[in-house]
Amino acid sequence: MYKDVNNGELRKGDVGKSITVAGWVSRRRDHGNLIFIDLRDRSGLLQVVFNPKISSSAHKNAQMLRGEWVIQVSGDVVQRIKGSENPDLPTGDIELSADKLVVISRSKTPPFEVDDDLNIDDLTRLKYRFIDLRRPKMQALLKLRHDVTRTIWNYLSNQGFIQVETPILIKSTPEGARDYLVPSRLHKGQFYALPQSPQQLKQMLMVSGVERYFQIAHCFRDEDLRADRQPEHTQLDLEMSFVHQEDVVNLVEALFSTIVKEVRPTNSLSEPFIRISYDEAMERFGTDKPDVRFGLELNSITDIVSNLGINVFNKTLESGGTIRSLVLPGCGYFVRKQTDELIELAKSNGGKGLVFISIDNEINSIEKLSYENYRSPIKKLLSVEAVKSISNVTNAKPGDLIVIVADDYKVANNVLSNLRTEMGKRLKLYDTSEFSFVWVDNFPLFEWDDKESAWSAMHHVFSAPKQEDLEYLETDPGKVRAELYDLVCNGHEIGSGSIRIHDRRTQTRVFNVIGYTKKDIDERFRHLLDAFDYGAPPHGGMGLGLDRLIMILGGEDNIREVIAFPKTQAASDPLFDAPSFLGKSQIDELGILFKPTD
RNA sequence: GGCCCCGUGGUGUAGCGGCCCAACACGCCUCCCUGUCAAGGAGGAGAUCGGCAGUUCGAAUCUGCUCGGGGUCGCCA
């Protein structure tokens with residue numbers, strides 16, 4: 001070993017020891033005859049002092065040291081001179097009095113300093129990711145990620161799960177996201193696909209009798225990126241045989257509680273996890289991934305406003321829409337500019353607009369409301385009684401702003417839930433150190449796709465319909481609920497799972513609803529259906545987004561922060577410069593011909 | 001594919017029609033300095049303002065296109 005102790009681990013008790021350490025020069029403070037170096041390794045910083053009285057050659061060599069040089073230093077651990085201790089450093093009571101210095105490797109001046117809280121452009125960070133990752137914060141996130149996966153391995157192993165690796169080169173299936181494709185050399189004109197998830201493979205493993213499977217699996221999707229979406233992400237994939245929904249949910253809940261307690265013992269965790277149905281989530285929060293750390297619940301006020309003779313509302317109702325509202329506490333003072341901003345937000349989420357009622361705080365209760373106490377663009381049409389009843393249903397108080405959306409249920413929910421999330425953040429309505437997990441279940445199996453004019457699977461095609469809804473499969477698909485459950489944390493969907501179909505007949509019926517022909521089914525899913533014919537156990541499981549989980553646990557708001565080598569928004573890698581053009585021979589070998597681009 | 005924001009020495013920012021062949025901080029280089037820890041002091045180098053085209057007597061500044069980065073809708077679980 002080049003070092004016999006880690007820098008950050010040295011303490012007062014080590015005084016008197018003669019040691020050798022190694023690491024990167026973090027800072028140098030050259031006082032002429034006395035040179036201080038902050039030596040960094042993964043464990044932390046250690047101050048090294050070069051004193052010509054201790055070693056004139058070491059001191060002489062230390063004069064040329066620069067940032068990020070890799071060095072090896074030997075010397076004695078000594079107590080710092082009284083008054084010069086550094087309480088900000090764990091090693092601040094001691095220092096290394098150097099008597100030997102070896103320069104292992106020099107460094108160019110780095111493009112940016114290795115320091116947290118430095119606001120560097122993402123592109124530069126990614127180009128020099130190997131330096132970026134030296135920052136203590138990034139090291140801590142790498143460690144956090146390791147701790148989470150280790151906890152998963154330990155916990156699931158103890159629960160009888162075994163880890164099985166599944167192939168990365170598999171078959172393309174057209175449903176779901178766009179596949180990343182790999183051309184085959186041996187089968188010209190044919191392609192492999194990278195897995196969007198090991199879904200079908202793990203179901204096969206259940207048929208194989210593995211009973212309890214898990215994998216930290218890489219998943220690939222060739223779709224546009226977002227702050228919480230990378231083309232390549234990691235999921236904790238797990239599957240269990242002979243289980244019902246409760247069994248999977250309970251196991252995953254226990255696992256996630258363990259993870260949080262293990263890696264974030266001081267943060268607050270609400271237990272047991274809240275469980276609500278899809279319908280309730282939509283009704284109360286307008287989304288299937290509610291952040292329940294704060295209130296601001298939505299209300300339908302259709303009944304109250306339906307007979308006020310207000311044109312926008314009536315039109316919406318005639319076309320089957322609904323009137324929903326959200327109360328922003330203490331925002332009754334909002335001026336035109338602020339409400340306009342809310343309208344912009346609504347429009348960017350597909351809404352046509354918003355109606356506001358601002359209640360002033362001249363009164364101490366809604367009961368005392370009179371015509372002077374509220375403002376609204378539709379004030380002429382709103383009687384005191386109407387505002388009172390709206391306030392009562394929505395629980396609005398004096399000083400509040402009532403936001404109303406008239407649209408179809410889906411759009412109204414989308415608009416208000418995004419408004420809710422945004423305002424929850426702005427009004428600081430929640431504790432950022434809290435982890436609030438929610439189970440959402442009772443999802444519909446299908447949703448109607450307007451563009452395709454067809455039913456499509458809400459989650460994926462393998463989720464089992466609820467036993468009691470099987471009879472509606474052909475007659476009223478929209479009514480069929482699935483054995484489907486999502487895990488949500490702080491408003492992020494971090495996992496989703498289901499009890500799967502395990503027989504050919506039901507699976508075929510579901511395929512038929514989505515409009516797959518016999519030929520489609522045969523080409524895409526024969527392997528799975530064939531497997532079901534040879535004794536398939538009932539099974540179910542989940543896929544859980546590891547990157548998102550670690551992002552939340554790490555208090556980050558971008559998934560790139562918790563991935564060692566992430567891609568840019570255009571799915572490129574500035575460090576390796578991928579993707580890249582290929583040489584002619586490589587392409588010829590694959591039998592690929594390029595269309596000229598226009 | 002749509003919308004929004006950003007691009008100025010190595011890094012982060014200022015400048016937003018002439019005062020700018022561009023300012024500040026950090027970093028970098030040279031010298032001084034024995035208790036600093038964002039060390040200090042003195043001096044110095046370094047950007048034709050992402051690229052192209054245009055408007056103008058004059059462009060970092062205005063316009064168009066383009067490239068790159070970020071956010072978001074669509075898309076995606």
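# Reading salt bridges, sheets and domains in a predicted model

User: With which residue does K202 form a salt bridge?

Analyst: The partner of K202 is E239, and the closest N and O atoms of the pair lie 3.2 Å apart. The two residues sit in distant parts of the chain, 37 residues apart: K202 belongs to helix α5 (residues 199-207) and E239 to strand β10 (residues 232-241). As a general idea, side chains of opposite charge can pair when their charged atoms come close. The term salt bridge here requires a side-chain nitrogen of Lys or Arg within 4 Å of a carboxyl oxygen of Asp or Glu. Helices (H or I, at least four residues) and strands (E, at least two) are DSSP runs numbered from the N terminus.

User: What kind of model is this, and which conventions apply?

Analyst: The model is predicted: local features need pLDDT of at least 70 and side-chain atom pairs count only at pLDDT 80 or more, whereas totals for chains, interfaces and linings use all residues. Residues are numbered from 1 along each chain as its sequence is written, chains are lettered from A and ligands numbered from 1 in the order in which they are written, and side-chain values use heavy atoms, with hydrogens and water left out.

User: Are K202 and E239 buried or exposed?

Analyst: The scale must be stated before the case. Buried means under 20% relative accessible area, exposed means over 50%, and partly exposed lies in between (1.4 Å probe, protein chains only). K202 counts as buried because its relative accessibility is 0%, and E239 counts as buried at 0% as well.

User: How many salt bridges does the whole structure hold?

Analyst: The search of the whole structure finds 45 salt bridges. One of them joins D340 to R336, with the closest N and O atoms 3.1 Å apart. D340 and R336 are four residues apart in helix α10 (residues 336-348), so about one helical turn separates them. D340 is partly exposed at 31% relative accessibility, and R336 is exposed at 64%.

User: Which residue does R426 meet in a salt bridge?

Analyst: R426 meets E422, at 2.9 Å from N to O. Both lie in helix α12 (residues 409-426), and their spacing of four residues means that they are separated by about one helical turn. R426 is partly exposed at 38% relative accessibility, and E422 is partly exposed at 24%. Elsewhere, salt bridges that share partners join D122, R125, R129, D132, R135, K137, E556, R560 and E561 into one network.

User: What is the order of strands in the open sheet of five strands?

Analyst: In general, the side chains of a regular strand alternate between the two faces of the sheet. Two strands pair if DSSP finds at least two bridges between them. In this sheet the order is β13-β14-β17-β15-β16, with antiparallel pairing. β13 (299-300) and β16 (374-375) are the edge strands, each pairing on one side only. Within the sheet, β15 (residues 355-359) runs antiparallel to β17 (residues 401-407), and four bridges join them. F356 stands opposite V403 in β17.

User: Which residue takes a positive phi in the hairpin of β20 and β21?

Analyst: Strand β20 (residues 446-449) pairs with strand β21 (residues 454-457) in the antiparallel sense over four bridges. D449 has A454 in β21 as its bridge partner. The hairpin has four residues between the strands, and S453 takes a positive phi near 50°.

User: How many disulfides are counted?

Analyst: A disulfide is a covalent bond between the sulfur atoms of two cysteines. The rule applied is a pair of cysteine sulfur atoms within 2.5 Å, and the count comes to zero. C219 is in no disulfide, and the nearest cysteine sulfur, that of C489, is 20 Å away. C219 is buried, at 0% relative accessibility, and C331 is likewise buried at 0%.

User: Into which domains is chain A divided?

Analyst: Domain bounds come from an automatic or database domain assignment. Chain A is divided into domain 1 (7-105), domain 2 (140-276 + 438-562) and domain 3 (294-429). The centres of domain 1 and domain 2, taken over C-alpha atoms, are 51 Å apart.

User: What describes chain A as a whole?

Analyst: The secondary structure comes to 16 helices and 24 strands. The C-alpha atoms fill a box of roughly 95 × 75 × 55 Å along the principal axes. Of the 598 residues in chain A, 48% are buried. With contact meaning heavy atoms within 4.5 Å, 68% of the contacts between residues at least 6 apart in sequence join residues at least 24 apart.
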